[in-house]
Amino acid sequence: MSQNYGTKRIVTGAHYGLRDWLAQRITAVLMALFTVVLLVQVLTASSLDYYSWSAIFAQQWMKTLTFVVIISLLYHAWVGVRDIWMDYVKPVGVRLALQVFTLVWLVGCAGWAIQVLWRL
């Protein structure tokens with residue numbers, strides 16, 4: 001025989017809290033580490049002209065790292081903007097339209113990043 005004490009707590013909402021909080025922190029750390037790597041590359045370069053920048057991003061590992069950081073940035077932005085839409089836009093249809101627009105925009109930015117990094 002089981003016993004219930006008190007009332008059962010009903011939790012509503014999307015339950016994104018901890019996962020998104022952790023995602024924000026992890027993506028922020030990735031972006032900070034990339035900034036350090038890029039600063040080291042720039043500070044050790046002989047000059048800061050087009051050819052130096054081109055040489056930094058000519059290496060495949062730097063292109064891949066840059067793309068991983070861009071994906072991290074896009075996910076970081078998605079979590080933040082989605083939270084803004086969920087908190088401040090009450091009409092469901094408008095909120096859905098804004099979320100779809102945001103996703104399309106971010107996917108487009110990812111495609112553009114691929115074109116820029118790999119010159120497609």
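This report walks through the helices, salt bridges, aromatic pairs and nonpolar core of a predicted model.

A few ground rules come before the details. The model is predicted, so local features need pLDDT of at least 70 and side-chain atom pairs count only at pLDDT 80 or more, while totals for chains, interfaces and linings use all residues. Residues are numbered from 1 along each chain as its sequence is written, and side-chain values use heavy atoms, with hydrogens and water left out.

## The overall layout

The protein has 4 helices and 0 strands, and from the N terminus its elements read α-α-α-α. Helices here are DSSP runs of H or I with at least four residues, strands are runs of E with at least two, and both are numbered from the N terminus. Of the 120 residues, 23% count as buried. Buried means under 20% relative accessible area, exposed means over 50%, and partly exposed is in between, using a 1.4 Å probe and protein chains only.

The protein exposes about 9,100 Å², with carbon and sulfur atoms supplying 70% of that area. Accessible areas come from the Shrake-Rupley method with a 1.4 Å probe, and for residues only the protein chains shown count as cover. Now for contacts, meaning heavy atoms within 4.5 Å. Among those with a separation of 6 or more, residues 24 or more positions apart account for 66%.

## Helix 3 and its cover

Take helix 3, with its 29 residues: at 1.5 Å a residue it should span 42 Å, and its end C-alpha atoms are 42 Å apart, which agrees. The expected span is 1.5 Å times one less than the number of residues. Buried residues in helix 3 include Met62, Phe67, Val69, Trp78 and Arg82. Their cover includes helix 1, helix 2 (50-56) and helix 4 (92-118).

## A salt-bridge network

How many salt bridges does a search of the whole structure find? The search turns up 3, a salt bridge being a side-chain nitrogen of Lys or Arg within 4 Å of a carboxyl oxygen of Asp or Glu.

| Residue | Partner | N to O distance |
|---|---|---|
| Asp20 | Arg19 | 3.8 Å |
| Asp20 | Arg82 | 2.2 Å |
| Arg82 | Asp83 | 3.1 Å |

Together, Arg19, Asp20, Arg82 and Asp83 are linked in a network of salt bridges.

Asp83, at 28% relative accessibility, counts as partly exposed. Leaving out residues up to four places away in sequence, Asp20 touches Tyr75, Val79 and Arg82.

## Aromatic pairs

The structure holds 3 aromatic pairs. Rings of Phe, Tyr and Trp (its six-membered ring) pair if their centres lie within 6.5 Å; planes under 30 degrees apart count as stacked, over 60 as edge-to-face and the rest as tilted. One of these pairs is Tyr50 with Tyr51, which is edge-to-face at 5.5 Å centre to centre and 80° between the planes. Tyr50 and Tyr51 are both exposed.

Another pair, Trp53 with Phe57, is stacked, with 6.2 Å centre to centre and 10° between the planes. Trp53 is partly exposed, with a relative accessible area of 36%, and Phe57 counts as partly exposed at 22% relative accessibility.

## The nonpolar core

Which residues make up the largest nonpolar core? There are 7 residues in all: Met31, Phe34, Leu38, Val42, Ile56, Met62 and Val69. A nonpolar core is a set of buried Ala, Val, Leu, Ile, Met, Phe, Trp, Tyr and Cys residues joined through side-chain atoms within 4.5 Å. Helix 1 and helix 3 are the elements that give two or more residues to this core, and helix 1 gives the most, with 4 residues.

Met62 is a handy place to look at the packing. Neighbours within four places in sequence aside, Met62 is in contact with Phe34, Val37, Leu38, Ile56 and Phe57.
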